[in-house]
Amino acid sequence: MSYANFRRHKMFEVKNLSIRLNDRFLVENLSFVLSEGDKMALIGEEGNGKSTLLKALLNQLSYGEITGKVTFNGKKVGYLEQSLGEEDLKKQVKAFLFPDEESYFDNCHSFYRYLNTFNLNDAILERSFFTLSGGESVKVRLLKLLLDGCEVLLLDEPTNDLDLISLEWLECFINQTSKPILYVSHDETLLSHTANRILNLEQIRKKTRCRHTLFNGNYELYVSKRLREIEVQTEQAKFEKRKMNQQQEKLNRVMQKVEYQQNTISRKNPHGAKVLKKKMHALKAQEKKLEQQERMEIPDVEEKIFFFFDSVFVPKSKSILHIEWSELKVSNNVLARNIHLCVVGPVHLAIVGRNGVGKSTLLKKIYDNLKDRTDIKVGYMPQNYIEAYSNCSVLSFIFPNGNQEDFTKARQYLGNMHLTQEEMMSEFKKISNGTKVKVFLAKFVLNHCNVLILDEPTRNVSPLSNPVIRSMFSKFKGTIISVSHDRNYLQEVVDEIYELTPEGLVKK
């Protein structure tokens, strides 16, 4: 049944909700109603409070100051966190889904009914949670919410770690259920295919003020409307600035003329001097009024990040990589066999495949194979950002052996990418994941990297910033070897796609 074809019941309501951390508001006076059939996408840059908002709605926030009212109208709410706690990871799937025998017998029929819908089989019950792929984990945790009878779903980054097949399944699940869902996602394709309402959280004016936008409609309409409004406001602001500059210039000319007359008027003409003094007083009052006049500012939007790869290229005949490995292993576990890959010139290549097949392992081995080359400059973005950089500062991460001139250059560049001074001076491990991506990009640019090894480069970036980043990658004249499940990235950036299977790499 479609979103518009049934009588929609109000499932929960938020009134004048504000969340304040230290001296900064993440959310201020937020009000909305979620009804049956609503699929509301919660978007915004990393660090803007999306996960915090979900926890606040559930009264699970242990920090900050919260005011306002949240009413669930007696409905049971299910919450899918970004990741499971250590205790749940140790459990078997059966123990996670059914804490005791009674719950198993009560929900056994529903479980087997859902198995086909979730593309699972009952053998999964005997597996430990930590052996599940990203897609399997999300499916089992969603299944738990349905078996528990949850009528409203709050999902925090359900697309993280999902392969393409699991992403398509999640789209179908969101679209087919009538349960209202409030969910966080950076996947633009998923947003375009599923959302019928948008809530965008922003931090503006160098992250000193918050702003939220509610939109009733799909994601593409929201982006289109937002871009039009930004364009109109920008042109209006520029017009007003030109007009005020013209008025100021005209006023300056008149004031200079009067000032000249004051300096040259004869002392024998006190009446004329008095008239000129009165006229200058009026002109200064007019100047003050002009300065105080409200003017429209150019819209402050977070996605207007600025970066580009300057003077970086790889010759077309340049051999970048040639590997022929009989096995791809982690410890003694063989993930795939017969890995053959040849990369020549400024190709943009992506590796896809099911969760757990070994894509990140392969990418790390490729980086290890290339990192000591002196004829190329390699930049590497791992999936786990703090893999090797947990204790350094942001500036030292960009320039490990940098001097004051290097750090000044880095600060200027990071400012163009909307990082605050506080973020620039932080330890790398303490900034948000989305901000880490921007720091990686700055590192690649400022170190003139011409070969990029990227593991899910768009996964933690706001859907509004992602088009800018994809555009820059598509214009990159060097070599890109990446892993990605971002369908827009695969379409707009990538020239060649390989699927990693247990039997090897297969060109698609």
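What follows is a short chat about a predicted model of one protein.

Q: What sort of model is this, and how are residues numbered?
A: The model is predicted, so local features need pLDDT of at least 70, side-chain atom pairs count only at pLDDT 80 or more, and totals for chains, interfaces and linings use all residues. Residues are numbered from 1 along each chain as its sequence is written, and side-chain values use heavy atoms, with hydrogens and water left out.

Q: How many helices and strands?
A: The protein has 16 helices and 17 strands. Both are DSSP runs, numbered from the N terminus: helices are H or I with at least four residues, strands are E with at least two.

Q: What does the C-alpha trace span?
A: About 110 × 65 × 40 Å along the principal axes.

Q: And what share of the residues is buried?
A: Of the 508 residues, 49% are buried. Buried means under 20% relative accessible area, exposed means over 50%, and partly exposed is in between (1.4 Å probe, protein chains only).

Q: What about the surface as a whole?
A: The accessible surface comes to about 26,400 Å², and 47% of that belongs to carbon and sulfur atoms. Such areas come from the Shrake-Rupley method with a 1.4 Å probe; for residues, only the protein chains shown count as cover.

Q: Which residues form the patch of negative charge?
A: D100, E101, E102 and D106 gather there, on the surface. A patch is made of residues with over 30% relative accessible area and no salt bridge; like charges are joined within 9 Å, and nonpolar side chains (Val, Leu, Ile, Met, Phe, Trp, Tyr) within 5 Å.

Q: Take E102. Where is it, and is it buried or exposed?
A: E102 sits in helix α4, residues 101–117. It counts as exposed because its relative accessibility is 58%.

Q: How far apart are the mean positions of the positive and negative charges?
A: They are 10 Å apart, for 73 positive and 64 negative charges. Lys and Arg count as positive and Asp and Glu as negative, while His and the chain ends are not counted. The place of a charge is NZ of Lys, CZ of Arg, CG of Asp or CD of Glu.

Q: How many salt bridges are there?
A: There are 23. A salt bridge here is a side-chain nitrogen of Lys or Arg within 4 Å of a carboxyl oxygen of Asp or Glu.

Q: What does K438 pair with?
A: K438 meets E45 in a salt bridge, 3.5 Å from N to O. The pair links distant parts of the chain: K438 is in helix α14 and E45 is in the loop between β3 (39–43) and α1 (50–57), 393 residues apart.

Q: Are those two buried or exposed?
A: K438 is buried, at 9% relative accessible area, and E45 is buried at 7%.

Q: What about R211?
A: R211 forms a salt bridge with E202, at 3.2 Å from N to O. R211 is partly exposed at 32% relative accessibility, whereas E202 is buried at 3%.

Q: How are D368 and K364 separated?
A: They are 4 residues apart in helix α10 (residues 359–370), so about one helical turn separates them.

Q: Which residues have a positive phi without being glycine?
A: Among them are E157, with phi near 55°, and H418, with phi near 70°. E157 is in the loop between β6 (152–156) and α6 (164–176) and is buried at 5% relative accessibility. H418 is in the loop between α12 (404–416) and α13 (421–424) and is partly exposed, at 29%.
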